[in-house]
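Okay, thanks for coming, everyone. Let me put the model up on the screen, and then I'll walk you through how the pieces are arranged.

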Amino acid sequence: MRAFVLRARSAPTDSKLLIASVGQDAHTEILAHVLMNAIFVAQSHREDIMVHLVLESTQDFSRTISFSSNDISNLSGFHEQAWLEKIAHALDKSIGMNKEQLRNVEPGICVRTISFEKLVGELAEDYQLYMLDKKGDFIRDIELAANPCFLLTDHMPMPKKSFNSLKRLGAEKISLGPKMLFASQCIVLIHNELDLTL
Ligand SMILES: C[S@@+](CC[C@H](N)C(=O)[O-])C[C@H]1O[C@@H](n2cnc3c(N)ncnc32)[C@H](O)[C@@H]1O
């Protein structure tokens, strides 16, 4: 299983705001781009991929929306709008949830009121964590674990205090090269590196 976590610090947990923020300062289109590139290939989808989107601009709790590529069905198309609809629907389903609860939204999609820190603490039990960082070890100079989980951010960088807790969880910093890329572009390159080793 390959997992990707997008820490979307500027993404609203209100579905209407989320949709209204496409192309605006919060750049919520990033979430759809990440899902597109993590899960789809031409005319098909990848197997054994988990994507966790953590939306942190909230009045109550962060929302972690998790997508399992093996189980998702009835998407309305291979496009960003289809993913934004799924995210908005999950957010609507999460209204009224208390802290650290889970709700199944539909096959392959669930929403939880857990924080980024709590999520990565759980993931560290099953995955080797890799934090994407231009100053990390170049991806081709290391051997990636069989069960990698890649941690990315939106346009707002990871807060400094998160680095120490991630280090304690064994997270390694990896780089994809000298250019600052979008999170979704990082995902394409990571998939390709792993595809080449299969
Ligand atoms: C648009 S970047 C985030 C930019 C953010 N303002 C910053 O300064 O970190 C989105 C994500 O891609 C990762 N990223 C972008 N280019 C990268 C590269 N060349 N190597 C590794 N990670 C990269 C960043 O670490 C971040 O997780």
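Predicted model: local features only at pLDDT ≥ 70, side-chain atom pairs only at ≥ 80, totals over all residues.

We've got an open sheet of 8 strands here, in the order 6-7-5-4-1-9-8-10, and the pairing is mixed. At the edges you find strand 6, residues 102–106, and strand 10, residues 172–175; each has a single partner strand, so one side of each is left without a neighbour in the sheet. If you ignore direction, neighbouring strands in this sheet are turned by 30° against each other on average.

Let me zoom in on one pair. Strand 4, residues 49–57, goes with strand 5, residues 63–68, in the antiparallel sense, over 6 bridges.

Now the helices, and I'd like to talk about helix 2. Helix 2 packs on helix 6 at an angle of about 10°, and the axes are 8 Å apart. Angles under 35 degrees count as roughly parallel, so helix 2 and helix 6 are roughly parallel to each other. Who's touching whom? From helix 2 you have Ile30, His33, Val34, Met36, Asn37 and Ala38, and they meet Ala183, Ser184, Ile187 and Val188 in helix 6. By class, that contact has 7 nonpolar and 3 polar residues, with no charged ones.

Helix 2 also packs with helix 3, residues 80–93, and here the angle is about 110° with the axes 9 Å apart. That makes helix 2 and helix 3 roughly perpendicular, therefore. The crossing of helix 2 past helix 3 is right-handed. On the helix 2 side the contact is made by Glu29, Leu31, Ala32, His33, Leu35 and Met36, and on the helix 3 side by Glu80, Trp83, Leu84 and Ile87. Sorted by class, helix 2 with helix 3 gives 7 nonpolar, 1 polar and 2 charged residues.

Last stop, the ligand. Which residues come nearest to the ligand? Out of the 16 residues around the ligand, those are Leu132, Leu152, Pro157, Leu176 and Leu181. Two or more shell residues come from each of strand 8 (128–138), strand 9 (148–153) and helix 6 (183–197). Strand 8 gives the most, with 3 residues.

Methods:
Residues numbered from 1 in each chain as written. Near = placed C-beta within 6 Å. Helix = DSSP H or I, 4+ residues; strand = E, 2+ residues; numbered from the N terminus. Axes fitted to C-alpha atoms, helices over the stretch in contact; angles between N-to-C directions. Parallel < 35°, antiparallel > 145°, perpendicular 65-115°, else oblique. Left-handed = near helix turned anticlockwise from the far one by under 90°. Contact = placed C-beta atoms within 7 Å. Nonpolar A, V, L, I, M, F, W, Y, C, P; charged D, E, K, R; others polar. Pairing = 2+ DSSP bridges.
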